[in-house]
Amino acid sequence: MESFDVVVVGARCAGSALATFLARAGMRVCLIDKATFPSETPSTHVLQPRGVAILDELGALEPLLVHSAAQLDRFSVVIDDIRIDGALDDRYTHPGLNVRRTILDQTLQHIARNAGAEVRTRCRMTGVRRFGERVIGVDTAGGPLDAGLVVGADGRGSVVAESVGARKYLVKPAGRIPVWGYFATGPHEPRLRIARKGNLAFLASPTDSGLYMATVAVDHRDAHDFHRDREANFYNAIRAWPELDAIVDGAERDGPLRVMANWHSYFREAAGPGWVLVGDAGHFKDFTPGQGISDALCQAKALSVAISASSDSPTARDEALKRWWQRRDRSSYDMYWYAMQMAPPGAPSPLVTELLRRIANDPDGAATLLHVINRDLPSTKLFTTSRLLAAACTALLHPGQRRSTFAEIGRHLSTEIDKLRARLRAS
């Protein structure tokens, strides 16, 4: 029977990055995935600068740029008549990036293989192997694999998580359903655009190969009607934001419209005897601020350190992985709720509108927003108490908005209570 120090199930961004770090640390790693590559997976594939720094450390950034991955150094957030424009300054060592998963995942696999990991695609895991309570390997369609540690990097529908019975917690429903397409616009300015117009939300930026990614995020309550005539409704939605319409109007679309229909936000129990989960297998959040890939890469690096530093005994590794899980949760709570607050169902509330207006009028507002999205600062530096109070007072001056404003204040307080409870549970 084949035996490895670590078997990583899932060979996309989290799994391939982790396999590379572990192989470079001298471990015998087997990286498996049921898919063939290159292949797509539902993703809006925007990377924040912190994620791009990990790609550079892995040696993946230069090959991705050869494939014309779009570097992003500007951003715009638009809510109806309010606009926040910003740009990366010299405090950022790397730009943002947008590159399709067909290119990103295969590039990371090549790097993992070159680092010494054994990469097996079209290899389907069927379950975990146990000795008592401890996971000691995996069964695959091609035969069993023994391992000192099994890593689930196999996404939202993780077979590893299901096999070990990893429980979900802090589960939140989807607010919006993303529908996106790629348009052959040619090179475009390196700007990430996030917007809300009425009941619609948008995420857009150039991506690789001269394509432009345009995403419409539909209120989940409207999704059924939207999908009845997806093509027509998608283009009608794009026209609701003239700035985006001007970019893609007349451009040929590359392939069909993509949809991520079935999703929700969650955390999963992330570690147990002989197993650990990384990336979307262990934690998934609203797609609006484009955090998923950067999270996966940063988690992979931190997890590789925990694994490498605790190889003396299974018990020591179990404890190290539990500590890593706790750190993952504590570092993720703020962005978890902030992501849901960026594009909730419905039109922008009076309170959110007034709050964004104050951020837009602050000379440091755009820079602070960038640092929050890059996880350099907590969202409380953006949604300060003084801003929240001033925005609430202004919204409450309008008699027709008072009921909705009080409801919004109640939701904000409920969110803060949820955050506090989560932190207390993790302490």
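Is Arg-12 buried or exposed? Arg-12 is buried, with a relative accessible area of 14%, which falls under the 20% limit for that class. The model described here is predicted.

**Helix α2**

- Helix α2 spans residues 49-58 and is mostly covered, with seven of its 10 residues buried.
- Those buried residues are Pro-49, Arg-50, Gly-51, Val-52, Ile-54, Leu-55 and Leu-58.
- After α2 comes Gly-59, which has a positive phi near 90 degrees.

**Crossing of α1 and α2**

- The axes of α1 and α2 cross at roughly 45 degrees and come within 11 Å.
- That angle makes α1 oblique to α2.
- The crossing of the two helices is left-handed.
- On the α1 side, the contact is made by Ala-17, Thr-20, Phe-21 and Arg-24.
- On the α2 side, Ile-54, Glu-57 and Leu-58 take part.
- By class, the residues of this contact are four nonpolar, one polar and two charged.

**Salt bridge of Arg-12 and Asp-105**

- Arg-12 and Asp-105 form a salt bridge in which the closest N and O atoms are 2.7 Å apart.
- Arg-12 lies in the loop between β1 (2-9) and α1, and Asp-105 in helix α4, so the pair ties together parts 93 residues apart in sequence.
- Asp-105 is buried, with a relative accessible area of 0%.

**Other salt bridges**

- Asp-139 forms a salt bridge with Arg-129, with 3.7 Å between the closest N and O atoms.
- Asp-139 is in strand β10 (residues 134-140) and Arg-129 in strand β9 (residues 125-131), 10 residues apart.
- Asp-139 counts as partly exposed, at 29% relative accessibility.
- Arg-357 and Glu-354 meet through their side chains in a salt bridge of 3.8 Å, N to O.
- Both lie in helix α11 (residues 350-361), and because they are three residues apart, about one helical turn separates Arg-357 from Glu-354.
- Arg-357 counts as partly exposed at 28% relative accessibility, whereas Glu-354 is buried, with a relative accessible area of 12%.
- A network of salt bridges links Asp-73, Arg-74, Arg-83, Asp-85, Glu-189, Arg-191, Arg-193 and Glu-243.

Definitions and conventions
Residues numbered from 1 in each chain as written. Predicted model: local features only at pLDDT ≥ 70, side-chain atom pairs only at ≥ 80, totals over all residues. Heavy atoms only, no water. Buried < 20%, exposed > 50% of the residue type's maximum accessible area, 1.4 Å probe, protein only. Helix = DSSP H or I, 4+ residues; strand = E, 2+ residues; numbered from the N terminus. Axes fitted to C-alpha atoms, helices over the stretch in contact; angles between N-to-C directions. Parallel < 35°, antiparallel > 145°, perpendicular 65-115°, else oblique. Left-handed = near helix turned anticlockwise from the far one by under 90°. Contact = heavy atoms within 4.5 Å. Nonpolar A, V, L, I, M, F, W, Y, C, P; charged D, E, K, R; others polar. Salt bridge = Lys/Arg side-chain N within 4 Å of Asp/Glu carboxyl O.
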